[in-house]
Amino acid sequence: MLKRLPITALKIDQSFVRDSLRNTDDAAIVKAIISMAHSLGMDVVAEGIETPEQRDALRALGCGHGQGYLFARPVPAADVPALLARGTLG
């Protein structure tokens, strides 16, 4: 069923990312999601990245995209162009 859906990426929920460096079950789930996505030709987005260690561990596993407080706090959509122009978002 998953391969028939019109999707190009899988997102890893922050609840798994949050404890993936301390909890072997969460780490195994994160690794499995990344592996499954790559096997299906999909990108992976991890949400809830708050530390450089989380970012680095996810990169090492092949997760190419992330979001979370490490990169930027939530902002109104109207503010994004100005932040990008200043180079303070991304």
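Find Arg 55 and its neighbour Asp 56: these two form a salt bridge, and their closest N and O atoms sit 3.0 Å apart. A salt bridge here is a side-chain nitrogen of Lys or Arg within 4 Å of a carboxyl oxygen of Asp or Glu. Side chains of opposite charge can pair when their charged atoms come close. Asp 56 has a relative accessibility of 39% and counts as partly exposed, and Arg 55, at 24%, counts as partly exposed too. The cut-offs go like this: buried is under 20% relative accessible area, exposed is over 50%, and partly exposed is in between (1.4 Å probe, protein chains only).

Before going on, a word on what you're looking at. This is a predicted model, with residues numbered from 1 along each chain as its sequence is written. Local features need pLDDT of at least 70 and side-chain atom pairs count only at pLDDT 80 or more, while totals for chains, interfaces and linings use all residues; side-chain values use heavy atoms, leaving out hydrogens and water.

How many salt bridges does the structure hold? The count is three. Another one pairs Asp 19 with Arg 22, where the closest N and O atoms are 2.5 Å apart. Asp 19 is partly exposed at 24%, whereas Arg 22 is exposed at 66%.

Then there's the bridge between Lys 11 and Glu 47, at 3.7 Å from N to O. This pair links distant parts of the chain, as Lys 11 lies in strand E1 (residues 9-12) and Glu 47 in strand E2 (residues 43-47), 36 residues apart. Lys 11 is partly exposed, with 48% relative accessibility, but Glu 47 is buried at 16%.

Now zoom out. The protein has four helices and three strands; these are DSSP runs, numbered from the N terminus, with helices (H or I) at least four residues long and strands (E) at least two. The C-alpha atoms fill a box of roughly 40 × 35 × 20 Å along the principal axes. Of the 90 residues, 23% count as buried.

One last thing to look for is how the chain meets itself. Take the contacts (heavy atoms within 4.5 Å) between residues at least 6 apart in sequence: 44% of them join residues at least 24 apart.
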